[in-house]
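This report describes the sheets, helices and charged pairs of one protein model. Please keep the sequence and the structure in view while reading.

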Amino acid sequence: MGKTEGKPLRVIVAGASGWVGRELIQAIHAAPDLVLTGAVARGICGQDAGTVAGLPEPLGVTIRATVTEALDAGADVLVDYTKPQAVRAHVSAALNAGVSAVIGTSGLTAQDYFEIDAMARARSLGVAAAGNFSVTAMLLKRFSLMAAQYVGDVEIIDYAGPQKPDVPSGTARELAEALDNARQLPATAKPVADILGPQEARGAVIGSVPVHSVRLPSYVLSCETQFGLAGERLTIRHDAGTSAAPYVAGTLLAIRKVRSFFGLRRGLDGILDA
């Protein structure tokens, strides 16, 4: 449902002052089928969303401290790019108000998503969530799932800058959970319980997939899957640049899709297939 009865979809952006949030506000303002009706950023509440996003003129949308306040202006979709500890409350407030949600925030667990799905289904609303809304990151996942049908040994390496608070990244966590479900052959690596030395050196195991998080200056966001067979190895890798544009494009697709289904859809591929 790109539009509701011919009217633009009304969108609230939580995390309006963030890296993605600012560019997303610009993109919503430029889209003829979308309109920004609310913005949330606790640290700069009271300012105009257009000014914060760097638009040449104010939008007349005042940034609020909470999602509940922003919902008072009316909305069809809430987009959340905030912090993992805030997402559950934000999505709950939106769903209770009859508003669908798009989650771009990383750091949520499988249990978080299970509970969000239950909330959305109970209210016959949609929630779209992706660890990465980039189209090329979606292809990383899709190609990795294809490889997992033929190769049982796989590990994930997740790269980001030193200040990223969550490990692993949302991209890596979503990928590991999907690979755990898709893998058809057993791994041949020695079980972690049987290794000599610190078990942490083998990374965190999500599902059954080892994940290693590197946090160093010069990285933005990168993620790779390494598959191994005797005598050969396959690496599938996604590297993000310094622009938020790839995430904005995917988020806009999710905004336009999220009201066409009930419950939670995870991953940009699952959202596009809705």
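## The parallel sheet

Seven strands form an open sheet in the order S3-S2-S1-S4-S5-S6-S12, with parallel pairing. Its edge strands, each pairing on one side only, are strand S3 (63–64) and S12. Strands (E, at least two residues) and helices (H or I, at least four residues) are DSSP runs, numbered from the N terminus. Two strands are said to pair if DSSP finds at least two bridges between them.

Within this sheet, S5 and S6 run parallel and are joined by 3 bridges. The bridge partner of Val 102 in S6 is Ala 128.

## Basis of the model

The model is predicted: local features need pLDDT of at least 70, and side-chain atom pairs count only at pLDDT 80 or more, whereas totals for chains, interfaces and linings use all residues. Residues are numbered from 1 along each chain as its sequence is written, and side-chain values use heavy atoms, with hydrogens and water left out.

## Strand S7 and its partners

Strand S7 (residues 153–160) is mostly covered, with 7 of its 8 residues buried. Buried denotes a relative accessible area under 20%, exposed over 50%, and partly exposed in between, with a 1.4 Å probe and protein chains only.

S7 pairs with S10 in the antiparallel sense over 8 bridges, and 5 bridges join S7 to S9 in a parallel arrangement. Ala 160 stands opposite Leu 221 in S10 and also opposite Arg 215 in S9. In a regular strand, side chains alternate between the two faces of the sheet.

## Salt bridges

The structure holds 14 salt bridges, each defined as a side-chain nitrogen of Lys or Arg within 4 Å of a carboxyl oxygen of Asp or Glu. One of them joins the side chains of Asp 76 and Arg 259, at 4.0 Å from N to O. Asp 76 lies in the loop between helix H3 (67–71) and strand S4 (77–80), and Arg 259 in the loop between helix H8 (245–257) and strand S12 (263–266), so this pair ties together parts that are 183 residues apart in sequence. Asp 76 counts as buried because its relative accessibility is 7%. A network of salt bridges links Arg 10, Asp 76 and Arg 259.

Asp 158 and Arg 215 form another salt bridge, with their closest N and O atoms 2.9 Å apart. This pair links distant parts of the chain, as Asp 158 belongs to strand S7 and Arg 215 to strand S9 (residues 209–215), 57 residues apart. Asp 158 and Arg 215 are both buried. Glu 224 forms a salt bridge with Arg 237, the closest N and O atoms again being 2.9 Å apart. Here Glu 224 is in strand S10 (residues 221–229) and Arg 237 in strand S11 (residues 232–239), 13 residues apart. Glu 224 is buried, with a relative accessible area of 6%, whereas Arg 237 is partly exposed at 37% relative accessibility.

## A buried aspartate without a salt bridge

Asp 48 is situated in the loop between strand S2 (34–40) and helix H2 (49–53). Asp 48 is buried yet has no salt bridge, and Arg 64, the nearest side chain of opposite charge, is 9.9 Å away.

The side chain of Asp 48 reaches the backbone nitrogen of Gly 60 at 2.8 Å. Apart from neighbours within four places in sequence, Asp 48 is in contact (heavy atoms within 4.5 Å) with Pro 58, Leu 59, Gly 60, Val 61 and Ile 63.

Helix H4 (residues 84–96) has 13 residues and should span 18 Å at 1.5 Å a residue; its end C-alpha atoms are 19 Å apart, which agrees. The expected span is 1.5 Å times one less than the number of residues. Val 87, His 90, Val 91, Ala 93, Ala 94 and Leu 95 are buried in H4. Their cover includes strand S1 (9–14), H3, S4, strand S5 (100–103), helix H5 (110–122) and strand S6 (126–129). Just after H4, Gly 98 adopts a positive phi of about 80 degrees.

Since 10 of the 13 residues of H7 are buried, H7 is largely enclosed by the rest of the structure. The buried residues include Arg 173, Glu 174 and Glu 177.

Technical notes
Lys, Arg positive; Asp, Glu negative; His and termini not counted. Polar contact = N/O pair within 3.5 Å; in protein donor to acceptor, adjacent residues only side chain to side chain.
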